[in-house]
Amino acid sequence: MKGDAVKLVQFLEGSQKRFVIPVYQRNYDWKKENCIQLYNDLVSLIKKKKTNHFFGSIVSYVQNKDVIIIDGQQRITTVSLIMIAMMNAIKKGALIPEDELLYERLRDTYILDRFRKEERKVRLKPFRNDCDAFDRLIFKDEEEYIEDSKVTMNYRYFYDRMVNSQEITLDELYTALESLEIIEILIEPDHGDDPQLIFESLNSTGLDLTESDKIRNFVLMGLPADVQEDYYNAYWSKIEKNCGEGLDNFVRDFLTIQTGTIANFKKIYAAFKGYHATCDGIESVLQNMTSYSKFYHQIHQNDLGNKTLNEIMFRLNLLDVTVAYPYLIAFLEYANKESMSVEEVEKVFSCIEVYVFRRQICDYPSNALNKIFASLHKSILKLKKETDAYSSVLIYFLESRTLSATFPKDEEFIQNFVTRNVYSMQKKNKFYLFERLENCSSKEKNDVYENLENKTYSIEHIMPQSLNAEWKQALGEDHARIQEEWLHTIANLTLTAYNPNYSNKTFAEKKTMENGFAISGLRLNQYIASFDQWTEAELKLRKAHLIEVARSIWKYPTTEFVPEEKDDEIVSLSEDYRFTGRGIKAFTLLDTQYTVRDWVDTIVEIYKQLYFIDPSAIHLEANNPENVWVSTKPFENAYRKIAEGIYLCTNNDTMTKVRLIKGLLHKYQLDEDDVTVILTPDRARGKSVK
C-alpha cells in the first residue's frame, strides 16, 4: 500500500482515467452544510492567499484501468459538481472567466474523456440514481434535472452561489481547487493488500457507516465489477427497497432466523461475517435475504394482501412487537412455500396477537419474548407432523410455556384486565386496547388510533379524578375508597372527543349535555349511556360487561394437538423451561458434547471445564463468605470436588443447579445459549433423577 501527498487536481487528471464508485458504496449524501463549508474554505484560500489546503485522504485501487474509489467518493463527487457548475455558468454566459480555455480545461481534463470508446464518456461513474442525476447536469437542459437527488441539490447550491454572490471569480475558484491537497492511498491487491480489511479499518469507528452498509460492502467488494453490479441489481437493491430505513433491523432478524441467536445491534456486521463463514456462497445468502426481505416489507407496512391480516398486523405493530418479526418473517416464508390457506395464516397471527396482549396486561417482561420468537418457528416444525395444522401446534407450544414465557389463562388475564391501572399504561398499549374495545370484530370501524394520535379523541374518566361535592354525594360515604379502587381501571374509562367539556361534571350532565354520552357515536359510550347514575354498582356492571367483551376479543385459543413422544429433547439453557423432573443424558458447552448420568454430573462437569479455562472466577466464589454453594472445604457427601481446594455443593434441586450454571456462565461472559442439554423422554424419568 502506497501513500503520497498530491494535489487533488493532479489525482483527477490523466488520459483515459475513469473513477468508479463501486456498488457497495452508499449513495452520494453530502448535506448542504458540508457544501457551504467547502465553498467557504475555497473563498478563504483566495482571500488569505493560501496555496495549500488539506482535503483528506482518498483510498483507491486500479482494476482494468479503472480507479476504484474505496474511500473519498463524497469529496470527489462534490468537487466534480463544482467543476460542472463552473462549466455551465460559462456555457450559459452567466460568468465569463479571464482564461478563455477554462471551459475546455475543466471539460477535457476532469469531467469528460472525449476519446473514450464507450458510449458514456464521463470520467466519474457514480452508482445507482446518482449516475443518472450526475450525467444530466452535463448533457441535459435544466428541466430534465432530477431535482430530488442530492447530486442536483448540491450542484444548484454551488451554481447559484458562484453566479449570484461572485465572492471570487471563476479563475480564482479554479485556483482554489488547485490548492486542495490529499493523501492518495493506492492499494495493491496483487501484492497482498486486502481492500475489505482496509475499508473496515478506515471505518472502524462506526460513526459513518451503518451495520448494513458494512455488510453490503463486505458482500460486494471482493467481486469482479460486472458481478458486483449484477448482484446489486438482482439482490441488494431489492433488499434495500423492501426494508428502507429498517435495513439494519431486517439483517438482524434474518440472522436470528438463520442462527437462532439474537445479535447485538452494534455487532450485526460481525454476526453476519460469522454466519457467512458457514455458508456455501454469497449468492445463496443474498437469494435468501431477498426472499425474506419481501415478508419483512409486508409485516412492516401491514401489507399482507388480505384485509383481515392487514388489520391484525396493524394492531401488532401498534403493540410494537418487532420482537416477533423473526418469527413472523420465517412463518410467512414457510406459509408461502406450503401454499397455506389464508384462514390458517389468520389463526396464527391471531394467536400471536392474543399471546402478546395477554402478557402485556399481566405485566410479563417483554424481553422474555426475544428467545421465544427467535426459535419458535423451528420448534413448531420439530413437533409438527405432516397432517397437523400449523396453528394447532403453535397453540400447543405457546400454551406449554412456563415461567416468564407463560401464556396467561383466563383467570389471570381477567384479574389483571379489570384491576390494571390502564391510564398509566404506555401510550401505544392504551391506543391498542381502546381500538379493540371500540371496534371488536365490527366491519363499521371508528379510526380510534388516528383520532387518539391526532388528539381528536382522549381518554375520559367517567368518575372524574377530582371529586366535587355532587360526585361525593352520588358515590356515598365510601367515595374515597371507591375512587381509589376504580378511578384508573378500565371500568371507569372511555373515549371522547369532548374531554374539556366534560371536566368533573356530574354523570347526568355528562350523559345529557350537548355531545354527551347519550348521543355519542362511539360504541363504548352507548353502554355507559344506558345508566342513569354512576356509582360502584354501575362500575361493577360495566366491569362484568367488559370481562365478556375481553373474553371474546382475546379468546384463549384451544388445540387438540398431542405431540409424538420423542427419544430426546434438546433445550438451550436460555429457554424458559421447567427442567425439574427431567432426566439428562448429555450437554454441550462451547460446541463440545459431554455425556452425563444426571444433573449432579452436569453442574460438576461445567464447573470443571470453566475452571480449566480460567480458575480465578471460581476461586472468588469459593472465598466469598456469602456464597454457600462453592467452598474451599468439603462438607460430607453434599459437596463434590472441582479442583484442588475447590468444592461444589450438589445437595439442591434441579432448578437451583440451572440457576447456578447460568450465574457462572455470566461470570465468564458466556451466553446461556452456549449450553444446551439433551433431556431424556418422560418414560425414562425415574426417582433417582437429581
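Reader: Tyr 275, buried or exposed?
Author: Tyr 275 is buried, at a relative accessible area of 11%. Buried is under 20% relative accessible area, exposed is over 50%, and partly exposed is in between, with a 1.4 Å probe and protein chains only.

Reader: What kind of model is this?
Author: This is a predicted model, where local features need pLDDT of at least 70, side-chain atom pairs count only at pLDDT 80 or more, and totals for chains, interfaces and linings use all residues. Residues are numbered from 1 along each chain as its sequence is written, and side-chain values use heavy atoms, with hydrogens and water left out.

Reader: Back to Tyr 275. Which helix is it found in?
Author: Tyr 275 is in helix H12. Helices here are DSSP runs of H or I with at least four residues, strands are E runs of at least two, and both are numbered from the N terminus.

Reader: And what does Tyr 275 touch?
Author: Not counting residues up to four places away in sequence, Tyr 275 touches Phe 254, Leu 255, Gln 258, Thr 259 and Val 285. Contact means heavy atoms within 4.5 Å. Thr 259 is 16 residues from Tyr 275 in sequence and 7.6 Å away in space, C-alpha to C-alpha.

Reader: Val 285 is in H13, I think. Which residues of H13 are buried?
Author: Ile 282, Val 285, Leu 286, Met 289, Thr 290, Tyr 292, Ser 293, Phe 295, Tyr 296 and Ile 299.

Reader: What covers them?
Author: The cover over the buried residues of H13 includes helices H9 (211-221), H10 (225-243), H11 (247-259), H12 (268-276), H14 (307-318) and H15 (325-337).

Reader: What span should H13 have, and how far apart are its ends?
Author: H13 (residues 282-300) has 19 residues, so at 1.5 Å a residue it should span 27 Å. Its end C-alpha atoms are 26 Å apart, which agrees. The expected span is 1.5 Å times one less than the number of residues. After H13 comes Asn 302, with a positive phi near 55°.

Reader: You listed H9 in the cover. How many of its residues are buried?
Author: 11 of the 11, so H9 is largely enclosed by the rest of the structure. Among them are Glu 211, Asp 213, Lys 214 and Arg 216.

Reader: New topic. Which residues in the largest nonpolar core touch the most other members?
Author: Phe 250, Tyr 327, Phe 331, Phe 349, Leu 398, Phe 417 and Trp 554, out of 112 residues in that core. Helix H16 (residues 342-361) gives the most to this core, with 10 residues. A nonpolar core is a set of buried Ala, Val, Leu, Ile, Met, Phe, Trp, Tyr and Cys residues joined through side-chain atoms within 4.5 Å. A second, separate core has 60 residues, including Tyr 39, Met 83, Ala 85 and Leu 124.

Reader: What is Phe 250 in contact with?
Author: Leaving aside neighbours within four places in sequence, Phe 250 contacts Ile 239, Cys 243, Met 289, Tyr 292, Ser 293 and Tyr 296.

Reader: Now voids. How many cavities of 30 Å³ or more?
Author: A search of the whole structure finds 2. On a 1 Å grid over the protein atoms alone, a cavity is a set of points where a 1.4 Å probe fits but cannot get out; a pocket is an open set with protein on both sides within 12 Å along at least five of seven lines; lining residues have an atom within 4 Å of a point. Grid points are joined across faces, edges and corners, and a volume is the space filled by probe spheres set on the points.

Reader: What volume has the largest cavity?
Author: About 90 Å³. Its lining divides into 3 nonpolar, 3 polar and 4 charged residues. Ala, Val, Leu, Ile, Met, Phe, Trp, Tyr, Cys and Pro count as nonpolar, Asp, Glu, Lys and Arg as charged, and the others, Gly among them, as polar. Helix H17 (residues 368-383) gives the most to this lining, with 4 residues.

Reader: And what lines the second largest cavity?
Author: Leu 12, Phe 19, Ile 76, Ser 80, Tyr 110 and Leu 124. The volume of the second largest cavity is about 40 Å³. By class, its lining has 5 nonpolar, 1 polar and no charged residues.

Reader: Ser 80, buried or exposed?
Author: Ser 80 is buried, with a relative accessible area of 4%. Ser 80 lies in helix H3 (residues 73-91).

Reader: Last one. How much space lies in the second largest pocket?
Author: About 740 Å³. Of its 28 lining residues, Ile 312, Glu 346, Ser 350, Arg 436 and Ile 553 are the closest to its centre. H16 gives the most to the lining of this pocket, with 6 residues.
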